Amino acid sequence: MKRFGAFDPRRALARLPFRARLAAAFSSLFLLAGAALLAFVVILARHGTAEQLVGIETRRLPVDTPVDGASPVAPPPGAFGRVQEGGPTPRVHGGVALRKVETTVQAVQDAALHQMLLWSGVGLVVMALFAGLIGWWLAGRALRPVAAVTETARRIGETNLDERLALTGPDDELRRLADTIDTMLDRLQRAFDSQRRFVANASHELRTPLAAQRTSIEVGLADPLPGHLAEVRDDLMTTNREAERLTASLLLLARSDRGLDGTEPVDLADITATAAAELRPAVEEKRLELRTSIAGPLQLAGDPVLLRHLVANLVRNAIQYNRPRGLIEVTVADRTLEVTNTGRPVDPDQLDDLFEPFRRLGQDRVGTTGHGLGLSIVRSIAQAHGSDVRAVPGPDGGLTVTVRFP
């Protein structure tokens, strides 16, 4: 049973970046190969030096007996040394005659092997670190095409699906991977273009019959009518206006999804002030309080019509999903547009769903007011301008939507 908090080297290694793991593999392989080579050299060196040593010859003799006719000389106990050829004849003491003693050679051999192991080990560690640095550099060069593919794939989004990796070089695994991704992007672009064309064409085609329907209702039922028919006429007009607003929203969403055809200098502060003034009657009708804080002009390069719809949809969303006598705060400062409203508590897990088409807070396609396209249009317009949109629930309910422009 694994103890809680115990160190797991495999998990630690798996958390390292691929480049670091590749460099560590280079260093480990070099270290293992160097250690094996060092062990091989030490074994051969010890065997070779042992073959060159002259052995020790010992024999039992009477005490103080000269060897080879020499006068008996008793060396002190423990006095050993190497006897050179042609030197004095060795004497005996204690009944042992020593021909040649190689302890000095053995000590030199041990010292040489110790020094060789010490400095070879130091050199091996240094070279292993150097091999790791070389491995890091080689891994960086080998992974450079992967980094380029990753960066390009990160830039490609729904609004610029026409961009491709277009990786050049030999026909290897990386080239085939990039070509596969480009082929997938081709299929995605065709699917998105087909969907956008369908939404735009369907919305455009619906505008004519809806306009004709509204005219027929207004003209055909213009005369004074009984009470029940007047209510029917009002219901038909309300339904017609809702259908026209839905069609206009779908057309706007399809237009923003296509991206920007062109940009011009736009003052977001002026657009925000104008949109807030236009929607103030709706705020007062629902007995809400609208506060605006605009810190000077904010010049952007964008589409003024789409940006006006972005601000208007944010404020309308804050009006629609507010509580009675609630508060709406619109702030423009530091290249950021922020709209905050009071209201019912919002589940943080539902924030991403609010930006999907036809999604409403706590409902799905069954709301009595609105079509669930407001925040979808906001996100689409913001992405077309290269901006980031985020929503955060309020501490006491409601929502704060922030659009940060580049």
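Biologist: Which residues have the most contacts inside the largest nonpolar core?

Modeller: Those would be L310, V311, L314, I328, L337 and V403, in a core of 44 residues. Keep in mind that this is a predicted model.

Biologist: Okay, and which helix gives the most to that core?

Modeller: Helix α8, residues 304–320, which puts in 9 residues.

Biologist: Let's zoom in on L314. What does L314 touch, leaving out residues up to four places away in sequence?

Modeller: L314 touches L337, V339, L375, V378, V401 and V403. Two of those, L337 and V403, are also on the list of residues with the most contacts inside the core.

Biologist: Now the helix packing. How do α8 and α10 cross?

Modeller: Their axes come within 9 Å and cross at roughly 145 degrees, with α10 covering residues 374–384. The crossing is left-handed.

Biologist: Which residues make the contact?

Modeller: On the α8 side you have L306, L307, H309, L310, N313, L314 and N317. From α10 come G374, L375, I377, V378, I381 and A382.

Biologist: And how many of them are nonpolar, polar or charged?

Modeller: The contact of α8 with α10 has 9 nonpolar residues, 4 polar ones and no charged ones.

Biologist: Switching to charges, then. How many salt bridges are there?

Modeller: The count comes to 6. One of them pairs R164 with D186, with the closest N and O atoms 2.5 Å apart.

Biologist: Where do R164 and D186 lie?

Modeller: R164 is in the loop between α3 (103–155) and α4 (173–220), while D186 is in helix α4, so the pair ties together parts that are 22 residues apart in sequence.

Biologist: Is D186 buried, exposed or partly exposed, and why?

Modeller: D186 counts as partly exposed because its relative accessibility is 32%, and that class lies between the 20% and 50% cut-offs.

Biologist: What about R175 and D179?

Modeller: The side chains of R175 and D179 meet in a salt bridge at 3.7 Å, N to O. Both residues lie in helix α4, 4 residues apart, which is about one turn of the helix. R175 is partly exposed at 25% relative accessibility, and D179 is partly exposed too, with 34%.

Biologist: Which residue does D388 form a salt bridge with?

Modeller: D388 forms one with R390, and the closest N and O atoms are 3.0 Å apart. D388 counts as partly exposed at 38% relative accessibility, whereas R390 is exposed, with a relative accessible area of 58%.

Biologist: Where is R287, between which elements?

Modeller: R287 is in the loop between α7 (280–285) and β4 (289–294). With 58% relative accessibility, R287 counts as exposed.

Biologist: And R335, what's its phi?

Modeller: Near 55 degrees, again a positive value in a residue other than glycine. R335 is found in the loop between β6 (327–333) and β7 (336–341).

Biologist: Is R335 exposed or partly exposed?

Modeller: Partly exposed, at 32% relative accessibility.

Notes: Residues are numbered from 1 along each chain as its sequence is written. This is a predicted model: local features need pLDDT of at least 70, side-chain atom pairs count only at pLDDT 80 or more; totals for chains, interfaces and linings use all residues. Side-chain values use heavy atoms; hydrogens and water are left out. Helices (H or I, at least four residues) and strands (E, at least two) are DSSP runs, numbered from the N terminus. Buried means under 20% relative accessible area, exposed over 50%, partly exposed in between (1.4 Å probe, protein chains only). A nonpolar core is a set of buried Ala, Val, Leu, Ile, Met, Phe, Trp, Tyr and Cys residues joined through side-chain atoms within 4.5 Å. Contact means heavy atoms within 4.5 Å. A salt bridge is a side-chain nitrogen of Lys or Arg within 4 Å of a carboxyl oxygen of Asp or Glu. Axes are lines fitted to C-alpha atoms, for helices over the stretch in contact, and angles run from 0 to 180 degrees between N-to-C directions. A crossing is left-handed if the near helix is turned anticlockwise from the far one by less than a right angle, and right-handed if clockwise. Ala, Val, Leu, Ile, Met, Phe, Trp, Tyr, Cys and Pro count as nonpolar, Asp, Glu, Lys and Arg as charged, and the others, Gly among them, as polar.
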